Amino acid sequence: MSYVFPPAAQSSVPVLGRIERFPVHRVYCVGRNYEEHAKEMGFTGREPPFFFLKPADAAVPVPAGETGTIAYPSLTKNLHHEIELVVAIGTGGRNIKAADAQKHIYGYAVGLDMTRRDLQGEMKKQGRPWCIGKAFDESAPIGPITPVDKAGDVTNAEIYVQVNGQDRQRSNVSKLIWNIGETIEHLSAAWELQPGDLIFTGTPEGVAAVVSGDTLVGGVAGLGTLSVKIA
Ligand code: MN
C-alpha cells in the first residue's frame, strides 16, 4: 500500500504498566449524564442517553506524573472544563447488553471534555451540530489508561477537578444517570464498537471557564490524576 502523502500518525494513549500504547479508534462522548449537570445546563429528568463524537486526534495523551499543555482554542471566549471518567474499549461489538458490557472494557482513564461553551450554546440555539463547540483540536486531554484488573471500583469513585488548586467539580461516578453498562448498551445499538474506542461518560456539575495560564488537575479515585495547563 502506498499513499499520495504520508498518512497521519495513529492517535494513542499510554497504558499504565505497559510499554505498548492504546491505539485510539473513535472518541464517543455522552451528553448530560449526571443529574446536577443536566440541571445546570437547563434540563431535568431522565432522557435517553445521547452521544456526540470528537476526532481521534483530538485526544491529548498526558503520561502519568506529567502536565500536558493545550492551546487556548480559537473563536471562543468561554472555554469550559468537563471532567469525565473515560471507558476504553478492548473488544468491539454491536448490540452489547449492559450485563455483558464489562468484558468489552480494556480499562479506564481520566479525561477532560473541553468545550467552547459559547459556540456550543450558539449551535444549540440554532439547532445546528455541536462539532465546533465540542470536536475541536486538542479538545480531549486524557491521562494514561489503567487496565481493568489494576483499576479500583470506578463505579463508586470520587471524580473531581481543581483549577489552580481550587475545587471546581467534585462528585461521584455512582451518580451517573446511565451507568457504564447501560451506556455501552445504548452506544453499541447505534454504532458497532471497535477496539480502541474511547467513551467519555459525561461530567458532573460545576462546569466553568478556564483561561490561559490555568492549570487543571482532575482525577477519578483509583485511576490517578490528569494535569493539564492552558497555554
Ligand atoms: Mn462532556
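## Charged pairs

A salt bridge, as counted here, is a side-chain nitrogen of Lys or Arg within 4 Å of a carboxyl oxygen of Asp or Glu. By that rule the count comes to 14 salt bridges. The idea behind the rule is simple: side chains of opposite charge can pair when their charged atoms come close.

Before going on, a word on what you're looking at: this is a predicted model, where local features need pLDDT of at least 70, side-chain atom pairs count only at pLDDT 80 or more, and totals for chains, interfaces and linings use all residues. Residues are numbered from 1 along each chain as its sequence is written, and side-chain values use heavy atoms, with hydrogens and water left out.

## A pair along one helix

Let's begin with K39 and E35, whose side chains meet in a salt bridge at 3.8 Å, N to O. They sit 4 residues apart in helix α1 (residues 35–40), so about one helical turn separates them. (Helices here are DSSP runs of H or I with at least four residues, strands are runs of E with at least two, and both are numbered from the N terminus.)

The cut-offs are under 20% relative accessible area for buried, over 50% for exposed, and partly exposed in between, using a 1.4 Å probe and protein chains only.

## K134 and its partners

Now for K134. It forms a salt bridge with E82, the closest N and O atoms being 3.2 Å apart. That pair links distant parts of the chain: K134 is in helix α3 (residues 131–134), while E82 is in the loop between β7 and β8, 52 residues apart. K134 is buried, with a relative accessible area of 3%, and E82 counts as buried at 4%.

K134 also meets D113 in a salt bridge, at 2.9 Å, N to O. Here D113 lies in the loop between β9 and β10, so the pair ties helix α3 to a part of the chain 21 residues apart in sequence. Salt bridges that share partners join K54, E82, D113, R117 and K134 into one network.

E82, in the loop between β7 (79–81) and β8 (83–89), and D113, in the loop between β9 (105–112) and β10 (115–116), are 31 residues apart and link distant parts of the chain. D113 counts as buried, at 0% relative accessibility.

## Empty space inside

Rolling a probe the size of a water molecule over the atoms shows where empty space is left. Searching the whole structure finds 2 cavities of 30 Å³ or more, and about 100 Å³ of space lies in the largest cavity. Of the 17 residues lining that one, the closest to its centre are G31, R32, H37, E82 and K134. A cavity is a set of points, on a 1 Å grid over the protein atoms alone, where a 1.4 Å probe fits but cannot get out; lining residues have an atom within 4 Å of a point. Points are joined across faces, edges and corners, and a volume is the space filled by probe spheres set on them.

Helix α2 (residues 117–126) gives the most to this lining, with 3 residues. The lining of the largest cavity divides into 4 nonpolar, 6 polar and 7 charged residues. Ala, Val, Leu, Ile, Met, Phe, Trp, Tyr, Cys and Pro count as nonpolar, Asp, Glu, Lys and Arg as charged, and the others, Gly among them, as polar.

## Strands side by side

An open sheet of 3 strands has the order β10-β7-β16, with antiparallel pairing. Its edge strands are β10 and β16 (208–210), each pairing on one side only. Two strands pair if DSSP finds at least two bridges between them; β7 and β16 have 3. In that pairing, H80 has A209 in β16 as its bridge partner.

Elsewhere, 6 bridges join the antiparallel strands β13 (residues 158–163) and β14 (residues 166–172). They form a hairpin with 2 residues between them, and N164 in the turn has a positive phi of about 50°.

Notes
1 Å grid on protein atoms, 1.4 Å probe; cavity = no way out; pocket = protein on both sides within 12 Å on 5 of 7 lines; lining within 4 Å.
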